[in-house]
There are 2 protein chains.
Amino acid sequence: MSTPYAVAARQLLRDTLLDAAHELLQRRAWRDIAMRDVAHTAGVSRQTLYKAFGSREAFAQAFVMREGDRLLAAVEEAMQAHLDDPRAALASAFEVFLAAAAENPLVRTVVREGAAEDFLPLVTIRGTPVVAHAAARLAASMTEGWPEVEHADAERLAECLVRLAISYAALPGGSAEGTAESVMALLGPYVQEITAAVAAPAPDHGRDGGSPAPPLTTATASARR
Amino acid sequence: MSTPYAVAARQLLRDTLLDAAHELLQRRAWRDIAMRDVAHTAGVSRQTLYKAFGSREAFAQAFVMREGDRLLAAVEEAMQAHLDDPRAALASAFEVFLAAAAENPLVRTVVREGAAEDFLPLVTIRGTPVVAHAAARLAASMTEGWPEVEHADAERLAECLVRLAISYAALPGGSAEGTAESVMALLGPYVQEITAAVAAPAPDHGRDGGSPAPPLTTATASARR
DNA sequence: CGTTGACAACTGCCCGGCTTTTGTCTAGAT
DNA sequence: ATCTAGACAAAAGCCGGGCAGTTGTCAACG
């Protein structure tokens with residue numbers, strides 16, 4: 001029993017409700033969706049919804065959070081596919097994110113022209129939970145894929161990526177490939193530093209060899225200089 | 001004589017009006033400020049205001065833009081003070097920005113809890129003009145300070161910095177120093193690459209022996225593989 | 001040119017009254 | 001036990017209408 005029934009059932013319930021909202025959001029705006037609609041679409045009573053989430057605001061929070069998690073899942077998958085080349089992983093991850101975000105119902109709702117900005121605060125001025133959670137998860141995923149990376153470095157990179165991702169999702173700048181390439185160019189050198197051990201699988205496991213991976217101090221060290 | 005009177009007068013007029021708005025915004029919210037108030041505070045008729053800006057929305061745009069320019073001025077000053085050390089310039093610039101943003105009336109209005117988010121779209125989903133303008137100016141300032149930097153590289157860096165700056169202004173994460181340090185850690189390596197020519201002559205200041213600036217290709221080259 | 005005064009059009013707000021929704025509670029069903 | 005159904009107060013939204021304020025654009029005036 002990895003997860004007791006109680007919490008599994010609760011998780012299933014929450015997912016079903018969030019799925020219902022996801023479906024409704026493809027047709028109507030959030031402000032035109034009542035909690036009753038969400039409950040009914042999920043085949044559940046309104047009170048169960050309130051039991052599971054507490055309030056409409058909290059539900060919106062959870063929805064944004066899970067939608068972020070979904071995008072993150074795609075991003076992590078893209079990263080895992082390039083474990084051997086961190087820079088390529090970075091570029092691929094960002095490009096995948098941009099593509100997924102462009103056709104995501106929630107993102108479209110947020111960015112929709114002339115629409116009432118219901119969710120926008122949740123990913124900007126009120127976005128602490130989303131950013132923190134997404135960054136934490138992304139950092140965990142990175143330290144899992146590249147164990148030799150300092151966790152503090154991964155967290156730094158993750159938060160920066162999350163913030164840039166939100167920025168570009170809210171306000172695309174150029175093509176997805178171009179953006180991903182820029183991000184790779186900008187953060188690639190840092191990633192190279194951080195993953196020095198795996199990036200330089202070359203001859204010497206030691207440090208002061210020379211050419212390919214010059215005597216770079218670790219990012220944390222160089223940062224707090 | 002460098003600028004004909006007509007345009008100088010127009011510029012002065014616009015500045016005066018924007019200053020009036022700036023002052024009014026310290027007491028009231030934007031939605032509670034009428035164009036008449038702005039005009040009157042500037043000692044000018046309402047029609048002159050409309051002649052100068054066209055519409056309330058356009059005025060808000062211009063206001064946000066100029067406020068960004070003001071912050072940018074402080075940032076550029078901080079950068080110019082560290083022309084010899086691009087990484088330090090980066091950190092100092094970002095820290096100055098965060099400090100200035102934290103006490104800026106416009107930023108406070110945008111971030112204010114429970115307030116009607118009037119300006120938020122202008123720096124997020126509708127922020128193309130602001131981001132583009134700020135990035136262009138910042139890039140120009142950088143290529144001026146470090147002439148050997150490829151302009152494309154500077155533009156990349158500038159846009160990234162502007163987006164991160166907006167993100168952190170809207171949603172501060174930790175202390176200003178910590179944030180600036182993170183940004184420096186993340187983008188420092190890229191900056192080092194870009195400014196290789198100028199970074200190299202300032203030799204083994206903090207780095208150990210060997211080759212402080214190894215055979216690094218220019219960032220553009222490494223970016224496009 | 002900038003100001004002034006006037007203008008239609010639109011928006012905002014007040015009213016009272018009505019409907020819907022939110023959030024909670026209780027009783028009842030499986 | 002937990003979910004549902006039903007009811008509930010409180011809050012919010014929508015009406016229409018009327019009134020005040022604002023926006024945006026005139027023409028006429030210094």
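**Figure 1. The contact between chain A and chain B in the predicted model.** Chain A gives 36 residues to the contact and chain B gives 37, two residues being in contact if their C-beta atoms, placed from the backbone, lie within 7 Å. On the side of chain A that touches chain B, α6 (105-111), α7 (120-123), α8 (128-145), α9, α10 (176-194) and α12 (219-223) each supply at least two residues. Helices are DSSP runs of H or I with at least four residues, and strands are runs of E with at least two, numbered from the N terminus. By class, this side has 22 nonpolar, seven polar and seven charged residues; Ala, Val, Leu, Ile, Met, Phe, Trp, Tyr, Cys and Pro count as nonpolar, Asp, Glu, Lys and Arg as charged, and the others, Gly among them, as polar. Residues are numbered from 1 along each chain as its sequence is written, chains are lettered from A and ligands numbered from 1 in the order in which they are written. As the model is predicted, local features need pLDDT of at least 70 and side-chain atom pairs count only at pLDDT 80 or more, while totals for chains, interfaces and linings use all residues.

**Figure 2. Helix α9 of chain A.** Of the 20 residues of α9(A), 17 are buried, that is, with 20 or more other C-beta atoms, placed from the backbone, within 10 Å of their own.

**Figure 3. The surface near DNA strand D.** The largest share, three residues, comes from α3(A).

Notes:
Expected span 1.5 Å × (residues − 1). Buried ≥ 20, exposed ≤ 12 C-beta atoms within 10 Å, placed from the backbone.
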